[in-house]
Amino acid sequence: MDNNFNNGNNMNGQQPNYGGGQQPQPTNGLAIAGLVLGLVGIVFTLVINGIVGIICAIVGLVLSIMAQKKSVAETGQKNGMATAGFILSIISLVVAVIGIIVAIAAVACITTAVGVGANEINDLINSLQ
């Protein structure tokens, strides 16, 4: 009895290519790491700790640049994940710098306000004596 079913295989034993001829892009670990660190940098900068966010953003920026260079050298094309990691790292750094400037300004305002208040209280105490 002749069985005409080939279980999805061609006669030469290879799987048929239904993907239209395009090969999947190889994943780039540096690009993934840069993207993740860019995201972590934003979260840490906004929510938890600005210093940790800055460190994550700087490392993410470096990894994203390395991944972009590697991708261009290997495939001749830019890697989307590396670009996203680069942009997220830059955003994280900008937000962190703005946060540091705001924190310094707030400390300066509080210090000035407390200093003025302390002088007025000292003058009041001296006038009562």
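Helices (H or I, at least four residues) and strands (E, at least two) are DSSP runs, numbered from the N terminus. The model is predicted: local features need pLDDT of at least 70, side-chain atom pairs count only at pLDDT 80 or more, and totals for chains, interfaces and linings use all residues. Residues are numbered from 1 along each chain as its sequence is written, and side-chain values use heavy atoms, with hydrogens and water left out.

**Exercise 1.** Determine in which helix Val94 lies, and classify its accessibility.

*Solution.* Step 1: Val94 belongs to helix H3. Step 2: buried means under 20% relative accessible area, exposed over 50%, and partly exposed in between (1.4 Å probe, protein chains only). Step 3: Val94 has 44% relative accessibility and therefore counts as partly exposed.

**Exercise 2.** Locate Val62 and state how far it is from Gly85 in sequence and in space.

*Solution.* Step 1: Val62 is found in helix H2, which covers residues 50-75. Step 2: Val62 is partly exposed, at a relative accessible area of 43%. Step 3: between Val62 and Gly85 there is a separation of 23 residues in sequence, and of 9.6 Å in space, C-alpha to C-alpha.

**Exercise 3.** Classify Cys56 and Cys109 as buried or exposed, and state how many disulfides the structure holds.

*Solution.* Step 1: Cys56 has a relative accessible area of 13%, so this residue is buried. Step 2: Cys109 reaches 54%, so this residue is exposed. Step 3: a disulfide is a pair of cysteine sulfur atoms within 2.5 Å; the structure holds 0 disulfides.
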